[in-house]
Amino acid sequence: MEQQLPRKYPLPINTQALKAHFADKYQFNEEQVELMLQSSRESLQAILVRAHHATDGEQLDFEEIARIGHSLKGLFLNLGEAKWAGVAREMEEGAKQKDIDNYLEMVEGIRQGVLEILHYGEE
């Protein structure tokens with residue numbers, strides 16, 4: 001059972017809608033769409049690993065969190081997910097201001113929002 005989060009997040013990203021976005025926006029064929037989904041999955045996995053490592057020390061690594069937020073923002077914009085890019089922007093800006101007390105919640109919210117992509121191709 002997924003954890004309920006206190007913050008309101010955008011709707012989870014649907015891979016079917018993402019496929020349509022890649023085909024419509026970028027005029028990708030089916031093979032290119034599959035490649036983009038796999039690449040997006042790998043990028044998200046790597047960024048989420050970095051996001052968890054940013055909490056390994058006694059303090060949050062604000063510079064790394066800002067970079068993570070920036071990376072997520074760009075990735076979400078490429079996916080056509082402006083609302084999720086807004087969440088990533090909040091993370092980036094909060095880290096730059098060293099004012100991000102809900103960082104772990106944001107990472108979990110993002111993870112839940114991209115769960116379908118993270119599991120794409122596992123059938």
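## Overall fold

The secondary structure of this predicted model comprises six helices and zero strands, where helices (H or I, at least four residues) and strands (E, at least two) are DSSP runs numbered from the N terminus. Read along the sequence, the pattern is α-α-α-α-α-α. The radius of gyration is 15 Å, close to the 14 Å that the globule rule gives for 123 residues, so the protein is as compact as a globular protein of that length. This radius is taken over C-alpha atoms, and the rule is 2.2 Å times the number of residues to the power 0.38.

Along its principal axes, the C-alpha trace spans about 45 × 30 × 25 Å. Of the contacts with a separation of 6 or more, 67% are between residues 24 or more positions apart; a contact means heavy atoms within 4.5 Å.

## Basis of the values

Residues are numbered from 1 along each chain as its sequence is written, and side-chain values use heavy atoms, with hydrogens and water left out. Local features need pLDDT of at least 70 and side-chain atom pairs count only at pLDDT 80 or more, whereas totals for chains, interfaces and linings use all residues.

## Burial and surface

Buried residues make up 42% of the 123 residues; buried means under 20% relative accessible area, exposed over 50%, and partly exposed in between (1.4 Å probe, protein chains only). The protein exposes about 7600 Å², of which carbon and sulfur atoms supply 49%, by the Shrake-Rupley method with a 1.4 Å probe.

## Charges and salt bridges

There are 13 positive and 22 negative side chains, and the centres of the two sets lie 6 Å apart. Lys and Arg count as positive and Asp and Glu as negative, without His and the chain ends; each charge is placed at NZ of Lys, CZ of Arg, CG of Asp or CD of Glu. The structure holds six salt bridges, each defined as a side-chain nitrogen of Lys or Arg within 4 Å of a carboxyl oxygen of Asp or Glu.

One of these joins E34 and K19 at 3.4 Å, N to O. E34 lies in helix α2 (residues 30–53) and K19 in helix α1 (residues 15–26), so the pair ties together parts that are 15 residues apart in sequence. E64 and R67 meet at 2.9 Å, N to O, and are three residues apart in helix α3 (residues 62–78), about one helical turn. E64 counts as buried at 15% relative accessibility, while R67 is partly exposed at 43%.
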